[in-house]
Amino acid sequence: MPVQRNGSTPAHELAALVGPAAELTAPRYAALARRIRDLVSAGQLPQGTRLPPERDLATALATSRVTVASAYRVLREEGWARTRHGSGTVTDAPRDAVPEPWYGRSDSPRFDLAHAAPAAAPELEAAYRTALERLPAMTAGHGYFHAGLPALRAAVADRFTARGLPTDPDQVVITAGVGDASSVVAETLLQPGDRVLVEHPTYPGALRVVEGAGGRLVPVAVDATRPDDLVQAAQLAARQSAPRLAFLEPDFANPTGARLSAAGRRRLAATLWQQGVVTVVDEVVAELYLDDGPLPPYAAGVPDAATVTVGGLSKAVWGGLRIGWLRTDAVLAARLGATLSRRQLSVGVLDQLAATVLVRDLDAVLVGRRRRLRDQRDTLLSALAVQLPDWRVHPPAGGLSLWCALPDGLSSAALTASAAQSGLVLAEGRAFGTGHAFDDHLRLPFTRPPAELRSAVELLAGLAGPLRGDARPPRRAPASVV
Ligand SMILES: Cc1ncc(COP(=O)(O)O)c(C=O)c1O
């Protein structure tokens, strides 16, 4: 949304997003506050946006100035806006607006669709056998490898180079998973109060990492049907909020499956860099393309220090392996490596030896991985089309999950709670957003075998009908979501 010369959002544009004032239920000021809150939590009004002067919005909405002033007051009281001296009212998000990751709890789940994480690739065991054979050659040394085992750093660097991103081993740091790599970046580069652009919806771990480092979330809307809309929205949010970092997943974002085009990622990378924003590029599923081939890595075409690319083997091979990495310019990599060393000195040597074998063989591993995921994605899509035809899904061209828009009146949280009682664990929509967003969506990973996916959808179809209309979300129960 463009800003006016005084820096605020044009009143007529906000009024268009709010919709006709006559449709705001009484009391009108409370409904207007709710509507603006939902726009902030959905990323349509980024955190830090200056709201129009009360009088202008009142005119644009054909309502009274008292209504707008009261709505702004409610937003301030609830933490969704604050008054900045000389700048009027600016959107914000309350500290507790980010929900813990939530999923349905079941003592003995029959089906687990809460985790978008496949079973281990068959090549894993052979890689560990090779690692065991190589281990004796290393045991005479102390076993600590700051920044990672040299052979693994070289293998990761070679893979980046082969994908079109020339990389030396000293630009790579090995971490205990992709989330660990993101935490290291946030811990090193964020000061409390710094703003951070995040896709919205996004992977709950990204929200936790930013919050954990004291960053303030600036959500930017992602729509899998128009993935490149993110480019302009992120550029605008960056201009308005001057963030320090952006957390992006250009290839098959979790949970939407959205993928930025080659031109879109080139444009976004260049402008964020020009605006002084360092982008953390999460590539956890970047090589899990199922229909079209690879696109140039996001980081290609900007200076190395413009991005920190984080990746790893959790989805390509197995989450239990706990091997990830980060890649940036050598100076920043050394700084990030120092943060990591202070925390955990080194990552397990046997795991790194196995990972070295797997990274060198990744093309072969990915052939089988992609074949299975393609089959499972298509099974899940057709089961949904038959059993739940009023759920709207944009088929993703890669990644691990479907982001389902639920029909009116069906609450994702209610469905998650009800499914857990039948032994099906799910991650509810709100886990992927800030505030109250996404109770109208459910993420369904296609990481389980086809027969399980079909049974799970059958179960969901049986539960969804009776729940329609009871839109009140139940209380949440904390748990982990990947
Ligand atoms: C986008 C994204 N980043 C990071 C992770 C975590 O990866 P790891 O298990 O390697 O820490 C996940 C796991 O689901 C993810 O979806």
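Helix α1 passes helix α3 in a right-handed crossing. On the α1 side the contact is made by Ala11, His12, Leu14, Ala15 and Val18, and on the α3 side by Asp56, Leu57, Thr59, Ala60 and Leu61. Sorted by class, these residues of the α1 and α3 contact are seven nonpolar, two polar and one charged. Please keep in mind that this is a predicted model.

A pair of packed helices is described by the angle between their axes and by the distance between those axes. For α1 (residues 11–18) and α3, the angle is about 50° and the axes are 9 Å apart. The two helices therefore count as oblique to each other, since an angle that falls between 35 and 65 degrees belongs to that class.

Helix α3 (residues 54–61) also packs with helix α4 (residues 65–77), here at an angle of about 120° and with the axes 8 Å apart. α3 and α4 are therefore oblique to each other as well, and α3 passes α4 in a right-handed crossing. From α3 come Glu54, Arg55, Leu57 and Ala58, and they meet Arg65, Thr67, Val68, Ala69 and Tyr72 of α4. This contact of α3 with α4 divides into five nonpolar, one polar and three charged residues.

Which residue of β2 stands opposite Thr83? The residue is Thr89.

The hairpin has three residues between its strands, and Gly86 there takes a positive phi near 80°.

## The seven-stranded sheet

Further on there is an open sheet of seven strands, with mixed pairing and the order β4-β10-β9-β8-β7-β5-β6. Its edges are β4 (172–175) and β6 (216–221); each has a single partner strand, so one side of each is left without a neighbour in the sheet. On average, neighbouring strands of this sheet are turned by 20° against each other, direction ignored.

One of the pairings in detail: strand β7 (residues 245–248) and strand β8 (residues 278–282) run parallel, joined by four bridges. Within this pair, Ala246 has Thr279 of β8 as its bridge partner.

## Helices packed on the sheet

Two helices that pack on the sheet deserve a look. Helix α7 (residues 178–189) touches β4, β7, β8, β9 (307–312) and β10 (324–327), and its direction makes about 40° with that of β10. Helix α9 (residues 229–241) touches β5 (195–200), β6 and β7, and its direction makes about 150° with that of β6.

## A look at Arg370

Arg370 has its place in helix α13 (residues 362–387). Is Arg370 buried, exposed or partly exposed? Arg370 counts as partly exposed because it has 17 C-beta neighbours inside 10 Å, whereas a buried residue would need 20 or more and an exposed one 12 or fewer.

Leaving aside neighbours within four places in sequence, Arg370 is in contact with Leu288 and Leu290. Arg370 also lies 9.1 Å from Glu287, C-alpha to C-alpha, although these two residues are 83 residues apart in sequence.

How values were computed: Residues numbered from 1 in each chain as written. Predicted model: local features only at pLDDT ≥ 70, side-chain atom pairs only at ≥ 80, totals over all residues. Axes fitted to C-alpha atoms, helices over the stretch in contact; angles between N-to-C directions. Parallel < 35°, antiparallel > 145°, perpendicular 65-115°, else oblique. Left-handed = near helix turned anticlockwise from the far one by under 90°. Contact = placed C-beta atoms within 7 Å. Nonpolar A, V, L, I, M, F, W, Y, C, P; charged D, E, K, R; others polar. Pairing = 2+ DSSP bridges.
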